[in-house]
Amino acid sequence: MTSKAKTPAVYYLRTSSAANVGADKDSDRRQREAVQAFAKRAGYELVGEGFYDAAVSGADPIDTRPGFRAMLERIEGNGVRTIIVETASRFARDLMVQEVGHAKLRERGIDLIAADNPGSFIDDTPTAKLVRQVLGAISEFDKAMTVAKLRGARERKRRDAGKCEGRKSHAERNPELVAPAKRLHRQKPKGGRMSLRAISAKLATQGFLNENGRPFAPASIRSMVK
């Protein structure tokens, strides 16, 4: 008795935030394990490694994503007509992008399956479409709420601390450098206040150099003394 042949499929992973990308993060691992477990249960044979878009927004159209484009190019010639994702929001978090992207795949004869809800994309009944749209809207709303909360937290931190993000100033990175720079700037030798370039040269004689081992540029000195 021969066993039933498995349906070939590829799988797609996406992580929207760069903070969730890296060897010490588990987003791609979790997605991969969920897809692999589903494929094993449902009788799909995963062809090759998954296609991954790291730090790509779920609101980006599918044809602008490098990983997704590479996946479509690959399956054009290998006969695979099934794509598996962990959840519908991994395919697209924006409702319009999700519906338009799904329609484009259907036009190519490609099935899209969400491992957590296998029928959400395969079924194209009015009820299934409504459920898909509702879930997409909830996911879109959840993303917007998360962004709003993070923005609020940054604004509160900026009000309390005066700074929240961005590159650290020289005063934060190297206060031992800024103090003598300001002291030299306050000095008024004959001929007037020292120029920024002269301050840089003086600091260099004291062992204060930039990360390339050279005297600081005048613009850097200006940021230290302002």
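**Contacts, aromatic pairs and a surface patch**

Reader: What share of the contacts between residues at least 6 apart in sequence join residues at least 24 apart?
Author: Among contacts in the chain (heavy atoms within 4.5 Å) between residues at least 6 apart in sequence, 65% join residues at least 24 apart. This is a predicted model, where local features need pLDDT of at least 70 and side-chain atom pairs count only at pLDDT 80 or more, while totals for chains, interfaces and linings use all residues. Residues are numbered from 1 along each chain as its sequence is written, and side-chain values use heavy atoms, with hydrogens and water left out.

Reader: OK, and how many aromatic pairs does the structure hold?
Author: The structure holds 4 aromatic pairs, a pair being rings of Phe, Tyr and Trp (its six-membered ring) with centres within 6.5 Å, and planes under 30 degrees apart count as stacked, over 60 as edge-to-face and the rest as tilted. One of them, Phe-38 with Tyr-44, is stacked, at 6.0 Å centre to centre and 25° between the planes.

Reader: Are Phe-38 and Tyr-44 buried or exposed?
Author: Both Phe-38 and Tyr-44 are buried, where buried means under 20% relative accessible area, exposed over 50% and partly exposed in between (1.4 Å probe, protein chains only).

Reader: Which residues form the aromatic cluster?
Author: Tyr-12, Phe-68, Phe-91 and Phe-121 form one cluster. Phe-68 counts as buried because its relative accessibility is 0%, and Phe-91 counts as buried because its value is also 0%.

Reader: Switching topic, why does Val-134 count as partly exposed?
Author: Val-134 counts as partly exposed because its relative accessibility is 41%, and its place is in helix α6 (residues 126-161).

Definitions and conventions
Helix = DSSP H or I, 4+ residues; strand = E, 2+ residues; numbered from the N terminus.
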